[in-house]
Amino acid sequence: MIVVDVVFFVLDLAVLYSVYVILASSLNLEYGEAGLPNFGKAAFFAVGAFSVGALSVRLGAVFVGMALEGDFKLNSLRWAMSVSQFVARNLFLGLGIFIATLIVAVVVGSVLGVLASYPALRLREDYLGMLLIAFSETIRIVARNYDPLVGGTFGAGVVDFLAWAGSPSREILLLFLSVVVAAIIWIVYYRLSASPFGRALRAMRDNELATESLGRNIVKLRMMAMMIGSAMASVAGVLYAYYVGTVNPDDFTTSKTFLITLMVIIGGSGNPYGPLVGPAVYLAFDRLIQFTKQRLILPFDPNYLSYIVLGVVLIIVVDRHPGGIVPEKPTLTLPRELRSLLRQRRVEETWNRQ
Amino acid sequence: MAMDLLVEAVVYGNLLSLLSIGLSLTLLTTRVSNFAHGDFATVGIYVAYTMSVLFGANPYLFLPFSFVGGLLLGFLVYRVVFEPLRGKASLVTLMIVSMALDFILRYSVQIYADVLQRSLGVYTRGIVFKDVNINLLGFTFPGLLVISSAVAWLFLFILYLFLYRTKVGIAMRAVIENPSLSEALGINVKRIYALSWMLAASFAGVAGVFLPFRITVNPDTGFSILLSIFAAVTLGGLESLLGSIIGAYIIAFSETVGVYYLSQIGLSTAYRPAISFITLALVLLLYPRGLAGLWSKR
Amino acid sequence: MELLRVESLSAGYGNMTIIHEVSFSVEKGEIFSVIGPNGSGKSTLLKALFGLARTFSGYIFFNGKEITNFPPHERVKNGLGYLPQTGNVFEGLTVRENLLLAGYEYSNGELDERLESVQEFLPDVKRLMDRKALTLSGGERQMVALAMVLLKNPIMLMFDEPTAALAPKIAEEVFGRIVKLNREYGLTVLLVEQNTRRALELAERALLLVSGSVKFFGSADELLNHRDLLSLYLGL
């Protein structure tokens, strides 16, 4: 019994950490490097999950020749279980469903990311943030109410693409998959950050005019950053959906975006190691609180505490150590005075009228 | 039917106007897009609710407590969170700090709700207040309509008097326009900033008390209407107090009437929030100066 | 008697130093001009003297006190007045409201008294009282800004290019007022000006600032006749 508990605990922690690392990396690329406050992050996360939620059952049914009669909302869970039974006998069916939904997720996510990069041209940064939040909430509202998509408030059932592996092999496979995918994505992010593309993004973040005058296409840079970031978030959504087994629109609220944002800032928004640190801090607090909750008797649900602690930590970090736990390392290309001046200029724009 | 809709729209407008003017104020003075603003309203609700449960009286009577609670909360939030960051943080960083503040406030209220339930044995989620009827001039009006209108318009009028007829209020308008000149003239800018946050939070607290009279309230109710508040402020033109008031009533009427039409064409009324979001998006993308762009020369 | 003494002042914004090791002094009752080419740091010097720019090193002594680290409103209390080129009035407020704010720390009675004496010097202000500052012409705005600074009863007034963007006739009016303030009311004047000739004609002593460093400090007449310096740095 204990062994199973431990396996599930480790699996849960590993998958969540992987998902958050991917999400934090994507936001770090968009905001930390490129200066785009993508506060619609939850929507791009959702796109991946919704692709799985909407398609895994339907695709699976097509592949096995099963007819789906009735309401998606009422039957998706049952249908998911039926398809999973087919998968239990056919490894390739499972992999096929997984890969197909992953491709759809990445494509849709990327397209949406490109679209979302256009407003960035004309809006001041805080207004852009607001717009993206509005966009994110709209997607959630639509998914919540348009039942055929992901079953509205009931959510959608997801096919278990690893049904052919028995426990605990299934869990271990899922764990490895998440960790490997997260590692790959993080390494890609790290490489991008250290590449000329990364330098161009940071230059654009610090001073658009100068970057443009040096011949860099701002529009294209933004588009690329958002596209890659959104594709990453989408992948996280796919992993999350298959892990949880169902997809519910209420899981992808603005609060989720806030959570990721806090992780990114606490971890360190300009530094590639930041996305590894931020989620670790949150999950550490969260698990610690879960652990001690069994020892203490509290008159309230201690899960709330993780959020409060995270909020307090962020405020302290911004006040005392604004770079985050791992601050951005200075580029070797700009002289120190110029970099400070650019940073100071950004701060002054907040506090002065033009 | 039309009468009900009208009443609903006016009440919602009263609420939103108190909320949007506060959000506008803190945006104009300290440049913070405050994602915790909705939670100021939630605190107001729970203050009034706690008192009404403890003393067994109608929540309307505890409006002053919610007001004072808001004053204290606003002061604390500004001094502890935002004043240390003055001159040090960018616009987006301030937004992110307000997100952290939202987490802190919202989940603190959740904890408070749990504790209150445990200790007093009352329901602290799904709160609803029962309205009273008021008889005026031979007609019977819902108390919510009369009281929310009276309170909202009184507060807005007092705010107007404050900003245009008192030295401190004029100083606040000056600080909004040019903080360094204000500083040079000897105006205590820090105090003005603190005052703006106190006003914003207290107005929100009072507005909050009206919420349980029209919908069931939970610790995250304030947060859930935050985007309507932002839509109202954006529609008004993000840098205009008058604009936010007008924007608030427009959003209120649009949402109320819009929901009615949604049901007529067979779409779920749960699409209601989309009205605000779409308004916000359209204004930001097409005409960012908002309504204020129509009368402002600058 | 020395009213202002600046010793080795280095100042700027953020981490960037604009003026380097500037030293000079201003005598009580004189008009002192600061001239130099564009971008030489003249405005930054005034801002530093007033407390709106960052001081990296050096000292500022005013009226017997060391004010190097005083915040702006403290310097105002000690009698230092500053009239910047822009942002010197609140555009969205009426002239009356602007003056009210300039007299923020005075009681009603005291404010009325001061307002009266300022209006004696600048009688045109009276008719502009209810106009929004945004609607005023450049010259009118200058006048209101001056009224606001005078309300505080300064001993020394620092002007940052007061005649920039003004028609020559209005510019002469402004110079006339400055001279009157100095000769009749005994105010010490520190004048930063682009109009080098007029600035040096009106002043007793002057400072030539180039790229943030002092190239000349002394008699204004001497500088006015110093062909080499003037042509080298100002193309005159």
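**Terms and their grounds**

Modeller: The model is predicted. In strand S7 of chain C, the bridge partner of C:Tyr82 is C:Met158.

Biologist: How do you know that strand S6 (residues 80-83) of chain C pairs with S7(C)?

Modeller: Pairing requires at least two bridges between the strands. Four bridges join S6(C) to S7(C), so the two strands pair. They run parallel.

Biologist: What makes S7(C) and strand S8 (residues 188-192) of chain C a pair?

Modeller: Five bridges link S7(C) and S8(C), in the parallel sense. Since pairing needs at least two, the term applies. C:Leu157 stands opposite C:Val189 in S8(C).

Biologist: Why is S7(C), residues 156-160, called mostly covered?

Modeller: A residue is buried if 20 or more other C-beta atoms lie within 10 Å of its own. Five of the five residues of S7(C) are buried, and therefore the strand is described as mostly covered. C:Met156, C:Met158 and C:Asp160 lie on one side, with C:Leu157 and C:Phe159 on the other.

Biologist: What makes up the contact between chain A and chain B?

Modeller: Residues are in contact if their C-beta atoms lie within 7 Å. The contact takes 38 residues from chain A and 43 residues from chain B. Helix H5 (125-145) of chain A gives the most to the side of chain A that touches chain B, with 13 residues. That side divides into 24 nonpolar, six polar and eight charged residues.

How values were computed. Residues numbered from 1 in each chain as written. Chains lettered and ligands numbered in written order. Predicted model: local features only at pLDDT ≥ 70, side-chain atom pairs only at ≥ 80, totals over all residues. Buried ≥ 20, exposed ≤ 12 C-beta atoms within 10 Å, placed from the backbone. Contact = placed C-beta atoms within 7 Å. Nonpolar A, V, L, I, M, F, W, Y, C, P; charged D, E, K, R; others polar.
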